[in-house]
Amino acid sequence: MTRHLVNVNDLSLAEVDELLEVSECILKSPKDYRKSCKYKKLVTLFYEPSTRTRLSFEAAMLELGGSCLGFSDALSSSAAKGESIADTIRTVSMYGDVAVIRHPKEGSARRASEFSSIPVINAGDGGRQHPTQTLTDILTIHKLKGTLKGLKIGVCGDLKFGRTVHSLVDFMRNYPGNEFIFVSPKELTMPDYILEKLNKNSVSFIQTTNLDEAISQMDVLYMTRVQRERFFNEEEYIRLKDLYILDKPKLATAKKDLTILHPLPRVNEISMDIDADPRAAYFQQAGFGKIIRMALIMKLLEVK
Ligand code: NCD
């Protein structure tokens, strides 16, 4: 059976542990993996802009000795002529060994997986999910905090449209003792389907609009940008976009060992003068993205 990664919970806790272990091995000795995916091809189908996700996937495959093909702009693909995802993926299945797809429509990666004979990896489907960003976040938290359990995780910004935070919370809720502090304006709160899962599993969380008040409790602070492209109304975006800007004064009451994460791209949410603070981990996080994607590609291609 072909394995896909569409929803973050398509992976079990044990499988994520295994990906973390392989990532550690890669970090220790990257040269051991230089031929792991020789003659294998990764296809990137990006119908939406990307820097880190696409390039880290490509870099991951190149480091594994494989090669990459694909498009980074839907307008240069047959989607511009009206081709369906189903037909595109059926074709791509004949050219490559694993496909990575990013698409503005929710459910598009699932749809592609139903027509694909090669593993499909969801690199973001609209405002829904972004499972490989979550793997990146988990590796970063594990490396920097030494645990994935018992953490107070603050998530701030656009919690309504931000797919990275949906996947992150949807997976981190599986580890015992984690608690969430959701910081957003009322208009951009976490979707009900995520809150319902937390309630069902008795995972504690609070919702607040006040970052200054909440920051002192957090072990991890995950900042996000307001997702302009998912707004129906530009005025509404302009009104909400700069409500949370993490700067030096805001960090005054934060823990000394807080870990500050951001999936990037950053727009205004984190002032540049935070970048030199030892708690700022977002560029390190982007680096870990390549490592865990190497582990994931090997897993889905069943490479030892
Ligand atoms: C995120 C995305 O595309 O959802 N970027 C990423 O993959 N690192 C976050 C964002 O665009 O805000």
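On a 1 Å grid over the protein atoms alone, a pocket is an open set of points with protein on both sides within 12 Å along at least five of seven lines, and its lining residues have an atom within 4 Å of a point. The structure is a predicted model, in which local features need pLDDT of at least 70 and side-chain atom pairs count only at pLDDT 80 or more, while totals for chains, interfaces and linings use all residues. Residues are numbered from 1 along each chain as its sequence is written, and side-chain values use heavy atoms, with hydrogens and water left out.

The second largest pocket is lined by Glu18, Leu19, Val22, Tyr33, Ser36, Ala295, Met298, Lys299, Glu302, Val303 and Lys304. Two or more of these residues come from helix H1 (13-28), and two or more from helix H10 (282-300). Helices here are DSSP runs of H or I with at least four residues, strands are runs of E with at least two, and both are numbered from the N terminus. The lining has 6 nonpolar, 1 polar and 4 charged residues. Ala, Val, Leu, Ile, Met, Phe, Trp, Tyr, Cys and Pro count as nonpolar, Asp, Glu, Lys and Arg as charged, and the others, Gly among them, as polar. The space in this pocket is about 210 Å³. Such a volume is the space filled by probe spheres set on the grid points, which are joined across faces, edges and corners.

The largest pocket has a volume of about 420 Å³. Its lining holds 21 residues, and Arg102, Arg163, Arg225, Leu264 and Pro265 lie nearest the centre. By class, 4 are nonpolar, 10 polar and 7 charged. Helix H2 (52-63) and helix H6 (163-172) each supply at least two lining residues. Domain 1 (8-129 + 290-300) and domain 2 (131-286) both contribute, so the largest pocket lies between them. The domain bounds come from an automatic or database domain assignment.

The structure also holds 7 aromatic pairs. Rings of Phe, Tyr and Trp (its six-membered ring) pair if their centres lie within 6.5 Å; planes under 30 degrees apart count as stacked, over 60 as edge-to-face and the rest as tilted. The rings of Phe161 and Phe231 are tilted, because their planes stand at 55°, with centres 5.3 Å apart. Phe231 and Tyr237 form an edge-to-face pair, with centres 5.8 Å apart and planes at 70°. Phe161 is buried (under 20% relative accessible area), at 15%. Phe231 is buried at 14%, and Tyr237 is buried at 8%.

Definitions and conventions:
On a 1 Å grid over the protein atoms alone, a cavity is a set of points where a 1.4 Å probe fits but cannot get out, and a pocket is an open set with protein on both sides within 12 Å along at least five of seven lines; lining residues have an atom within 4 Å of a point. Buried means under 20% relative accessible area, exposed over 50%, partly exposed in between (1.4 Å probe, protein chains only).
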